[in-house]
Amino acid sequence: QAKPALFSLPAKGRVLVAASTGVWVVAAEGSRRKLGAFAAGTWSPQGLFVGVSKRHQLAAVTPKGVVRWNLSRPRVRHARWAPSGFRVAYLSGSNLRVVAGDGTGDRRIGAARLVAPVWQPVNEHVLAYADRSGSVTVLETDANQTLWTAGGIAADPVQLEWSADAARLLVARRVGGRFALVVFNAAGRRVQTLTLPGTFVDASFAPSGHRIALIRRVGQFSEL
């Protein structure tokens with residue numbers, strides 16, 4: 001039986017796709033270009049480069065697949081390009097590391113849990129991550145200065161997400177057979193906690209404002 005084919009995207013722009021065959025760039029008209037046999041990818045802010053990673057490698061390539069720089073590091077995961085374009089955060093084993101956008105100055109920030117770090121959208125080079133103890137830490141990475149931390153109700157997160165205006169940080173964590181969404185303001189004060197039944201899948205702030213889209217699994221079904 002014939003399977004549906006992708007002929008075009010529903011909007012302008014390009015989509016970065018991570019598949020079992022590697023990382024691909026899909027253009028608006030449906031054309032595809034394979035960037036390499038990588039496991040994951042992250043766009044630079046202007047779409048000029050893609051940060052790609054596989055088990056022991058982090059690299060920056062052009063959308064045509066030309067390698068600009070690469071680093072050999074153990075167990076690379078969750079690379080994230082900063083909004084400024086001048087920093088890339090990633091996990092290497094149990095360590096959080098930050099490297100400049102040109103591949104220089106790679107350094108260890110500290111021990112971290114296996115949760116994707118998130119850059120604050122407004123203040124350059126401010127990063128939220130789950131530290132070794134399981135607390136949420138918000139850090140100014142250039143000065144290596146901790147701005148605030150949150151444990152307890154926010155401990156052991158599975159996902160972190162900033163709102164577009166950087167006024168809210170969403171922390172999702174599992175609690176037994178339930179999960180909790182905890183929202184902090186930019187200063188680290190908790191403003192909302194919502195506990196729900198089911199299994200957490202994913203959550204994201206709206207492009208503007210502080211509304212949250214949530215996917216959870218209840219029984220055999222996933223719901224938005």
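The largest pocket in this predicted model has a volume of about 590 Å³. A pocket here is an open set of points on a 1 Å grid over the protein atoms alone, where a 1.4 Å probe fits, with protein on both sides within 12 Å along at least five of seven lines. The volume is the space filled by probe spheres set on the points, and grid points are joined across faces, edges and corners.

The lining comprises 23 residues, and the closest to the pocket centre are Arg 80, Pro 117, Val 118, Trp 119 and Glu 161; a lining residue has an atom within 4 Å of a point. Among the elements that give two or more residues to this lining are strand 8 (76–81) and strand 12 (118–119). Strands are DSSP runs of E with at least two residues, numbered from the N terminus. Strand 16 gives the most, with five residues. By class, the lining has 16 nonpolar, four polar and three charged residues. In this scheme Ala, Val, Leu, Ile, Met, Phe, Trp, Tyr, Cys and Pro are nonpolar, Asp, Glu, Lys and Arg are charged, and the others, Gly among them, are polar.

Residues are numbered from 1 along each chain as its sequence is written, and side-chain values use heavy atoms, with hydrogens and water left out. As the model is predicted, local features need pLDDT of at least 70 and side-chain atom pairs count only at pLDDT 80 or more, whereas totals for chains, interfaces and linings use all residues.

I turn now to strand 12 and its sheet. Four strands form an open sheet in the order 12-13-14-15, with antiparallel pairing; two strands pair if DSSP finds at least two bridges between them. Which strands stand at the edges? They are strand 12 and strand 15 (145–150), each with a single partner strand, so one side of each has no neighbour in the sheet. Strand 12 pairs with strand 13 (residues 126–130) over two bridges, and Trp 119 has Leu 127 as its bridge partner in strand 13.

Finally, the aromatic pairs: there are two, where rings of Phe, Tyr and Trp (its six-membered ring) pair if their centres lie within 6.5 Å. The ring centres of Trp 148 and Phe 184 are 5.5 Å apart and the planes stand at 40°, so this pair is tilted; planes under 30 degrees apart would be stacked, and over 60 edge-to-face. Trp 148 lies in strand 15 and Phe 184 in strand 18 (residues 178–185), 36 residues apart. Both residues are buried, that is, under 20% relative accessible area with a 1.4 Å probe and protein chains only.

Definitions and conventions. Buried < 20%, exposed > 50% of the residue type's maximum accessible area, 1.4 Å probe, protein only.
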